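User: I would like to learn how to read a protein model. Could you take me through some features one at a time?

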Amino acid sequence: MKKNYSIKVSLKNNPYEVLVGKNVLRKYKNKIFSTIKDAKKIFIITDTTIKKLHLKKIQQIIPKKFFIKTLTISPGEKMKDIKTINKISDFLLKNKISRNDAIFALGGGVIGDISGFLASITLRGINLIQFPTTLLAQVDSSIGGKTGVNSSYGKNLIGSFYQPKLVVCDTIFLTTLPRRELIAGYAEIIKYGIIYDKNFFIWLNKNTKKLLNNSALETIKAIKRSVEIKKEFILKDEKDVKNFRALLNFGHTFAHSLENCAKYSKNLLHGEAVSIGMCMASKLSNNLGFLSLNNYLKIKNTLSDFSLPINIEFLKKIRIQKKQIVKNMVYDKKNLSGKINFVLCKDIGKVFVYNKVKKDSIRKSIS
Ligand code: ADP
Ligand code: ZN
């Protein structure tokens, strides 16, 4: 097994690489700065937790000739709004940012989404490099160019598509990640196996223990394969208009509703909601006759082996009602046509979009 990987996301207008491995930050220092040749200033956006743990690692690799400013926000989804965007863009402009300069996003999904959106709108586009520090951000949100913030009408409703110049997935960041956050990241990784690659799903099953014990080479391989799979969907449907990128949302129609019920609190992490959501989507697929019982159970057991939640028992504390779960789904932003789009599974590695699900079937798949 190799130690480092470079995955090329060869989009016609914005090709970029994703570096995956341990210490890639240091090893590929030259490559990182060659993607922002004309920059004079670097603006690092991070949160207070990550600043304490990892900011130094970035500062150490930045050549002396750069003017560096670090912007730190409080951690958490609450910060992901237009007010934060306003504040930071004022700061960038006050410090005379130019279009050749660069924004470094150092953090999880929240920092990545905020920084990406800022980079896309400030002066109509600033260079962006993503340094994702959570497993979830490394395998999902930092790749693909979806950026944005939340509105009072819902999550991620204000945003843009904006590709970074480079994504640096360094596994040294993951050593400080709370176990619960690490496990949540595996929900999206298992998702890639279910939607695209049966062999990867089988490999994840075989290596569960090693992965949960942070075994270096296996972790790197899991991230690398996830990035490769996400890349396939992005290349076929960069702007999410061909019902192809939508397949990445397996389990997410349910998950978004559950997260809404939990008021986006720490009681339910996104990965945990996706895990429960994938169990429900698999049960629905089985109930409608698309997926065998055996495969449904395989999916559920795999998630459970990774210590992920597989039903709403997990949410007892929040007292979520089935009725509310169904009701929320109608308001999911992907369903503006009135029909609920479900990604269903017919075999491990094979999913499809289906919009003829009746409310009663949805109810029966919630447990
Ligand atoms: P994601 O959406 O990628 O799961 P968030 O941006 O919501 O992540 O971050 C989750 C939490 O984890 C935040 O409180 C953040 O400060 C913290 N965090 C991010 N990266 C690390 C890390 N490498 N070590 C410890 N905590 C981290
Ligand atoms: Zn997700």
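Analyst: What follows goes through a metal site, a helix, salt bridges, a charged patch and some backbone angles.

Analyst: This is a predicted model, in which local features need pLDDT of at least 70, side-chain atom pairs count only at pLDDT 80 or more, and totals for chains, interfaces and linings use all residues. Residues are numbered from 1 along each chain as its sequence is written, chains are lettered from A and ligands numbered from 1 in the order in which they are written, and side-chain values use heavy atoms, with hydrogens and water left out.

User: Which residues coordinate the zinc ion (ligand 2)?

Analyst: Donors are N, O and S atoms within 2.8 Å of the metal (3.2 Å for Na, K and Ca); water is not among the atoms, so sites may look incomplete. Here the zinc ion (ligand 2) is held by Glu188 through OE and by His252 and His270 through NE2, at 2.0 to 2.1 Å. Along the chain, these donors have the spacing E-x63-H-x17-H. Glu188 belongs to helix α7 (residues 179-196) and His252 to helix α11 (residues 252-261), so this pair ties together parts that are 64 residues apart in sequence. Helices are DSSP runs of H or I with at least four residues, strands are runs of E with at least two, and both are numbered from the N terminus.

User: Are Glu188 and His252 buried or exposed?

Analyst: Buried means under 20% relative accessible area, exposed means over 50%, and partly exposed is in between (1.4 Å probe, protein chains only). The areas come from the Shrake-Rupley method with a 1.4 Å probe, and for residues only the protein chains shown count as cover. Both Glu188 and His252 are buried.

User: How many residues of α11 are buried?

Analyst: Eight of the ten are buried, so α11 is largely enclosed by the rest of the structure. Among them are His252, Phe254, Leu258 and Cys261.

User: What makes a salt bridge?

Analyst: Side chains of opposite charge can pair when their charged atoms come close. The cut-off is a side-chain nitrogen of Lys or Arg within 4 Å of a carboxyl oxygen of Asp or Glu. By that rule the structure holds 17 salt bridges. In one of them, Lys146 pairs with Asp240, with the closest N and O atoms 2.8 Å apart. Lys146 is in strand β7 (residues 146-151) and Asp240 in the loop between α10 (216-236) and α11, so the pair ties together parts that are 94 residues apart in sequence. Lys146 is partly exposed at 35% relative accessibility, and Asp240 is partly exposed at 24%.

User: What about a salt bridge inside one helix?

Analyst: Glu228 and Arg225 form one, with the closest N and O atoms 2.7 Å apart. Both lie in helix α10, three residues apart, about one turn of the helix. Salt bridges can also be linked in a network, as for Glu77, Lys80, Asp113, Lys155 and Glu259.

User: Which residues gather in a patch of positive charge?

Analyst: Patches are made of residues with over 30% relative accessible area and no salt bridge; like charges are joined within 9 Å, and nonpolar side chains (Val, Leu, Ile, Met, Phe, Trp, Tyr) within 5 Å. Lys and Arg count as positive and Asp and Glu as negative, while His and the chain ends are not counted. The place of a charge is NZ of Lys, CZ of Arg, CG of Asp or CD of Glu. On the surface here, the patch of positive charge consists of Lys3, Lys22, Arg26 and Lys27. Arg26 is in helix α1 (residues 24-27), and Arg26 is exposed with a relative accessible area of 57%.

User: Which residue has a positive phi although it is not a glycine?

Analyst: Most residues other than glycine have a negative phi, and most peptide bonds are trans. Leu123 has a positive phi of about 50° and sits in the loop between α5 (109-121) and β6 (127-132). Tyr264 has a positive phi of about 55° and lies in the loop between α11 and α12 (270-287). Just after α11, Lys263 also takes a positive phi of about 55°.
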